[in-house]
Amino acid sequence: MNLAVRCLLLGFAFTVGLFAEAYAAEQRVALVIGNGSYRSVPELRNSRNDADDISEQLKRLGFAVIDGRDLDRSAMQTALSRFAQRLRGSEAGLVYYSGHGLQINGQNFLVPVDLKMDGGAFTPFELVKLDDVIEALSYTDGVRLLVLDACRDNPFANVLAQSKGSRGAGMTRGLAKIERSQGMLIAYSTQSNAVAADGYGRNSPFTSALVREMQVPGLEVATVFRRVAVNVNRETDGAQTPELSVSLLQDFYLNPQESDVSAWQRLGPSASVADLKTFIAKFPTSVMVDAARARLEAIENANERERLVREYAEKERRLRQQLETVEAGYRKAASELAERREREERDRLATAKGSGPPGAASPALAGVSAGSRPEIAVGTRDDKEREQQTKEQAAKEQAASAERERLASQVAAFEADKARLADERQALERAMSESLAKAQAERERAEKRVAAETARLPVFALDQQRTITPAAAPRRAASTCQEINARAQLGDISESDRDILKHGCR
């Protein structure tokens, strides 16, 4: 390979390295460890599941995840080293640990799976210091998050706490509170010196609640863990209460997508049909979905009413146009018929006047009686002319009669059309009135539903604090002050409501 090619390849590799480093610097990096298959004590059922589900959710949220399952001490140290290297220049670092943890003389340790129970004695050097984990997190200049689901009922601690050897002194079940936490968020699955439940389902109560809350968009990370604490406390009937230590210097969002509350407030009262449908599709479990559906129904009813008005107006316009055309044709046909009859009457009168009294001889016939043969010839010619005139007159009368019948038939048809169009117009007006009345009733019903559903929105949901879980969302009507307060925060408030808030809601 010649020198030029080598230089080109080296330059390409250097450029790729720079791009890779820049990409890595923008990442959120997480270390997820699940230790459950301990060699000297019974297996923790849910640790691997917990780690798997947290890892999957973090990847969906844009974290680059370093995974470790059932790690011995050496593997845990290696994973911490890799994690620290990946953190350089990152915007956030997160460590999640599920497994056994304990404290010795106030110092916290994570337990690798290869720890042996050798007569109830071992040294802290066989454990992994939690301080090492915190040190690894310090390699990021961004947000540091430490999540410990590591306070199960620990057989290592149980045995050594009962040991009379000096190496067991000071050992306590559960973890001690971490004091060196500036610039960090530390979430414990239970309170310090307490024991957390492993759970009977796929996950521990703490991790199960955390996975759910991580899926809620737009919640600041401290809010996520406060909601987790409320859920766990409720689901364990108060037996377990997670603890949170927060000393972050900035807000951080595990799931930075827009929340349903923010999206609802952004929509405002002038939201379109498309906007509301998008909201319902994006947040199908939101407590605002019923209100969105009610507003959507109200808008669609209003649009349907407008459509009906336009449709009936167009039908009426066409009917009116047809009726005007028919009336014009009727007037024309009636006028022509009247003119025809008047002309025929004049012709009849003129004919009767020119023929003279009955039996009188015409001048032509008088001339015939005074002569001989030439007079007979003249009389014959006059008879033929009269016969021709009679035929022409009969033809004219027949044509006039046919024209009269045509005009009379046309007039009758126009009259029938006028009657039909009048009936159609009346039917259209009745149908329009009924449809508009129905549409108006539906619109009023939808508007009442909008008001009712808006009033049912919990006040804390409007303060970026949705119900803790979908199952816990209150579905009953709020008090009057709560209803008005909810509408006020949505911008839907009247002057009378303002007076009630000012004077009647202390």
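In which handedness of crossing, right-handed or left-handed, does H6 pass H7? The crossing is right-handed; a crossing is left-handed if the near helix is turned anticlockwise from the far one by less than a right angle, and right-handed if clockwise.

This is a predicted model, in which local features need pLDDT of at least 70 and side-chain atom pairs count only at pLDDT 80 or more, while totals for chains, interfaces and linings use all residues. Residues are numbered from 1 along each chain as its sequence is written, and side-chain values use heavy atoms, with hydrogens and water left out.

**Overall make-up**

The protein chain has 14 helices and 10 strands. Helices (H or I, at least four residues) and strands (E, at least two) are DSSP runs, numbered from the N terminus. Of its 506 residues, 39% count as buried. Buried means under 20% relative accessible area, exposed over 50%, and partly exposed in between, with a 1.4 Å probe and protein chains only. Among contacts (heavy atoms within 4.5 Å) between residues at least 6 apart in sequence, 73% join residues at least 24 apart.

**Helix pairs**

Two packed helices are described by the angle between their axes and the distance between the axes. Axes here are lines fitted to C-alpha atoms, for helices over the stretch in contact, and angles run from 0 to 180 degrees between N-to-C directions.

The axes of H6 (residues 205–214) and H7 (residues 221–235) come within 9 Å and cross at roughly 135°. That makes H6 oblique to H7; angles under 35 degrees count as roughly parallel, over 145 as roughly antiparallel, 65 to 115 as roughly perpendicular and the rest as oblique. On the H6 side, Pro 205, Phe 206, Ala 209, Leu 210, Arg 212 and Glu 213 take part, and they meet Val 224, Phe 225, Arg 227, Val 228, Asn 231, Val 232 and Glu 235 in H7. By class, this contact of H6 with H7 has eight nonpolar, one polar and four charged residues. Ala, Val, Leu, Ile, Met, Phe, Trp, Tyr, Cys and Pro count as nonpolar, Asp, Glu, Lys and Arg as charged, and the others, Gly among them, as polar.

H3 and H4 pack with their axes 8 Å apart, at an angle of about 20°. That makes H3 roughly parallel to H4. Gln 77, Leu 80, Phe 83, Ala 84 and Leu 87 of H3 make the contact with Asp 132, Val 133, Ala 136 and Leu 137 of H4. Its classes are seven nonpolar, one polar and one charged.

**The buried side of H4**

In H4 (residues 130–137), the buried residues are Leu 130, Val 133, Ile 134, Ala 136 and Leu 137. They cover an arc of only 155° around the axis, which puts them on the same side of H4; the arc is that of the directions from the helix axis to the C-beta atoms. Their packing partners are helix H3 and the strands S3, S5, S6, S7 and S9.

**Loop residues**

Most residues other than glycine have a negative phi.

Lys 177 is in the loop between S8 and S9 and is partly exposed, with a relative accessible area of 46%. Not counting residues up to four places away in sequence, Lys 177 touches Tyr 188, Ser 192 and Glu 243. Lys 177 and Leu 244 are 67 residues apart in sequence and 9.9 Å apart in space, C-alpha to C-alpha.
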